[in-house]
Amino acid sequence: MNRPASLVKYNTLGVDSTARELIHVADKDELLAASSNEETCIYLGGGSNVVLLNHLDARVIRVEIKGIFYNRLEDGSNLLRVGAGECWHELVRATVGKGLRGLENLALIPGSVGAAPCQNISAYGRELSEVLHSVEVFDRFQNSFQTIPNEQCRFRYRDSLFKSYFPDRYVICYVNLVLGALELSVEYKDVKEHLEQWPVHALSSRAIAESVVRVRKRKLPEVRSHGNVGSFFQNPTISRRKYDWLRAKTEIRGFDQSDGVRVPAARLIEVCGWKGRRIGDVQVWHRQPLVLVNRGTAKGSDFLELAKRIAGDVHSKFDIELALEPIVLGQDS
């Protein structure tokens, strides 16, 4: 008989949630054996982009496939095959240590490698989709393993085939990356300011990664002491006309996109007076209002309730919709 398992150690929000069953898998064979058409299965990686409610009436499978394999290509770049269970930041450190350009702007993002393509992680001017070659997956519908090339992953801002189109179909086993082909990106103001201490001739992936780490540590809470999932909201994209109206009401900087202007949700939340506020055991982080932190024994529903209030205020004041960044799993019962 399966025994209920606590998931409090397997989500970075630090909320307690109970699964009907918990299985750890370390390779593709174990993944195949654990996956069942007769069972409701939920797959977890590092638990850094999920809000867990009280109970998951399912077999929870934690994907812990490891390994980083390097293959040098003829043009001098490197093709990496990385297990989904590897720690994302440790991968960034390893590649930066080898002088391979491409992941430096994505340093210190919490979570596992397998989660990175799902939300097409992005930070400080770089999106994962720019360096991703392909994704090796277990197709639950076909009960087989496949490789999906970049162009079929339907990458958009913080979105992908795996997140929005087929969230229940594919389980990521390996992520294949091409590193060393892109030029360094230093367009963000905060990163530029930290890079001023480096001589121009010394600009490198290591210098950028160290600057990103310093910026993130200054702005963001440490997960181990303040449970969080990073950004709780996505930055919305609005029309250029709406952006001009918004700038007339408040000081805000937007970034041009093909379909409009992307504006920082953090600024909208701050203007609505939520920065630093605490409701129960959930607090809006005082240095970065995109982040909600667990100050005690908050439940997943507590985070969702506060997020609803924040989004409601932003909509009331600016007529702009805020979308949640993390995925919500389970039910309260």
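How many bridges join strand β1 to strand β2 (residues 18–25), and in which sense do the two run? There are two bridges, and the strands run antiparallel. Keep in mind as you look around that this is a predicted model.

Across it, Ser6 stands opposite Thr18 in β2. Strands of a sheet pair through backbone hydrogen bonds, either parallel or antiparallel. Here β1 and β2 belong to an open sheet of four strands, ordered β1-β2-β5-β3, with mixed pairing. At the edges you'll find β1 (5–6) and β3 (41–44); each has a single partner strand, so one side of each is left without a neighbour in the sheet.

**Strand β10 and its partners**

Seven of its eight residues are buried, so β10 is largely enclosed by the rest of the structure. β10 pairs with β12 (residues 170–179) and with β11 (residues 144–149).

| Strand pair | Bridges | Sense |
|---|---|---|
| β1 and β2 | two bridges | antiparallel |
| β10 and β12 | seven bridges | antiparallel |
| β10 and β11 | six bridges | antiparallel |

You can pick out facing residues here too: Glu136 stands opposite Tyr174 in β12, while Asp139 stands opposite Ser144 in β11. β10 and β11 make a hairpin, with four residues between the strands. In that turn, Asn143 has a positive phi of about 55 degrees.

**Helix α9, inside and out**

Next up is helix α9, which covers residues 300–318. Does its span agree or disagree with what its 19 residues should give? At 1.5 Å a residue, α9 should span 27 Å, and its end C-alpha atoms are 27 Å apart, so the two agree.

Which residues of α9 are buried? They are Gly300, Phe303, Leu306, Ala307, Ile310, Ala311, Val314 and Phe318. Look down the helix axis and these buried residues fall within an arc of 135 degrees, so they line one face of α9. On the other side of the helix, Lys308 and Ser316 are exposed.

What do the buried residues of α9 pack against? Their partners include the helices α7 (240–249) and α8 (265–271). The strands β4 (50–52), β16 (278–279), β17 (282–284) and β18 (292–294) are packed against as well. Just after α9 comes Asp319, which takes a positive phi of about 55 degrees.

How values were computed:
Residues are numbered from 1 along each chain as its sequence is written. This is a predicted model: local features need pLDDT of at least 70, side-chain atom pairs count only at pLDDT 80 or more; totals for chains, interfaces and linings use all residues. Side-chain values use heavy atoms; hydrogens and water are left out. The expected span of a helix is 1.5 Å times one less than its number of residues. Buried means under 20% relative accessible area, exposed over 50%, partly exposed in between (1.4 Å probe, protein chains only). The arc is that of the directions from the helix axis to the C-beta atoms. Contact means heavy atoms within 4.5 Å. Two strands pair if DSSP finds at least two bridges between them.
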